[in-house]
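Here is a briefing for a reader new to this structure. Start with the sequence and the model, then read the notes by topic.

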Amino acid sequence: MGKVVLVTGVARQLGGRFVRRIQRDPEVDRVVAVDAVTPEHHLGGADFVRADIRQPTIARLLAEHSVDTVVHMDVTGTPLGSGSRATVKETNVIGTMQLLGACQKSPTVKRLVVKSSTNVYGSAPRDPAVFTETTPPKSLPSGGFAKDTVEVEGYVRGFARRRPDVAVCVLRFANILGPGADTPLAAYFSLPVLPTVLGYDPRLQFVHEDDVIDVLRIASHEPRRGTLNSGTFNITGDGVLLLSQCARRLGRPTVSLLMPAISWVGSALRTVGMTDFSPEQLRLLTHGRVVATNQMRETLGYRPKFTTAETFADFARSRGPGLLPPEALAGAVDRIAALPALGGGHPPTQSAN
């Protein structure tokens, strides 16, 4: 009999895509898809079970289906449908506790994969230039999704100590983007005008949805020869982009505001439901965050198909043209950069955009 994989959070597009993809693997015999909300998208031949992972019924599902692999994708920063932030936090934290408790009691579970986030590192002015998997954050996240992920990973480490026979893989994804991305950062980049923090131009990294699915699939199976898929891994595309570069490539103008003003704008945008401009996202758009991916390449054995720039380009194409044509904007930047040359300076280099 092949593997029996249980996947949580399948009502979201990313969870649905993973369920459809893993069913095509010949070593997978059955996929059990779980969520408290009935998904609007198709799940292929998976067995969908409407269940809330915050309830003890998740233990019964593991036993009934003899599940040997659990992929926990129901750790997220955005509510589904009309859900609230409180519901999201309960699902992230309480739901993870219930799921891990059920896995601990299950004799059949042999592999656990947890979708986490690089938000665990936080964003602070004294952060290192690059975070590795073992770098402690200078300032622990104090709230929101970032704090949820810190708590979730703490529970996962406790589970790994209690069940050393279970292979545990924690995947810390950078900002996920792509044509179907439904994240707070995707909503921010979809605004007609992008509010930014005066005096700051943070470095950002992105991982493509396709790479997310591929990495989850690798983590769900036995490791390939010469690799190891147990442990904690940063997952992102190569390279970085500045926020100003992102704005130019989208063709969207920016308006720089002082910190108190942008906090007020963020509250107003949350009130009208345009985007979840949370304090943690504001810190990211102020200080940025860059992580190292050596372990992803050397230990996990995965090389992303999309770089950070290519991921953002694919996302930008799906959002349509902005108010400012990117080509014309890049030309204007080049002309401005050429001005010092009139006074005898060095000739300008071509714009990075």
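This is a predicted model: local features need pLDDT of at least 70, side-chain atom pairs count only at pLDDT 80 or more; totals for chains, interfaces and linings use all residues.

Residues are numbered from 1 along each chain as its sequence is written, and side-chain values use heavy atoms, with hydrogens and water left out.

**Helix packing**

- Two packed helices are described by the angle between their axes and the distance between the axes.
- Helices (H or I, at least four residues) and strands (E, at least two) are DSSP runs, numbered from the N terminus. Axes are lines fitted to C-alpha atoms, for helices over the stretch in contact, and angles run from 0 to 180 degrees between N-to-C directions.

*α3 and α4*

- Helix α3 (residues 85–105) packs on helix α4 (residues 144–162) at about 5°, with the axes 10 Å apart.
- The two helices α3 and α4 are therefore roughly parallel. Angles under 35 degrees count as roughly parallel, over 145 as roughly antiparallel, 65 to 115 as roughly perpendicular and the rest as oblique.
- The contact of α3 with α4 has nine nonpolar, four polar and five charged residues. Ala, Val, Leu, Ile, Met, Phe, Trp, Tyr, Cys and Pro count as nonpolar, Asp, Glu, Lys and Arg as charged, and the others, Gly among them, as polar.

*α1 and α6*

- Helix α1 (residues 13–22) meets helix α6 (residues 209–220) at an angle of about 50°, with axes 10 Å apart.
- This pair, α1 and α6, is therefore oblique.
- Six nonpolar, one polar and five charged residues form the contact of α1 with α6.

*α2 and α3*

- The axes of α2 and α3 come within 8 Å and cross at roughly 40°.
- Ile58, Ala59 and Leu62 of α2 touch Gln98, Leu99, Ala102 and Cys103 of α3, where contact means heavy atoms within 4.5 Å.
- That contact of α2 with α3 has six nonpolar residues, one polar and no charged.

**Aromatic pairs**

- The whole structure holds seven aromatic pairs. Rings of Phe, Tyr and Trp (its six-membered ring) pair if their centres lie within 6.5 Å; planes under 30 degrees apart count as stacked, over 60 as edge-to-face and the rest as tilted.
- Phenylalanine 189 and phenylalanine 312 have ring centres 5.1 Å apart and planes at 80°, so this pair is edge-to-face.
- Phenylalanine 189 lies in helix α5 (residues 184–189) and phenylalanine 312 in helix α11 (residues 308–319), 123 residues apart.

**Aspartate 52**

- Aspartate 52 sits in the loop between β3 (47–50) and α2 (57–64).
- Leaving aside neighbours within four places in sequence, aspartate 52 is in contact with Ala36 and Thr57.
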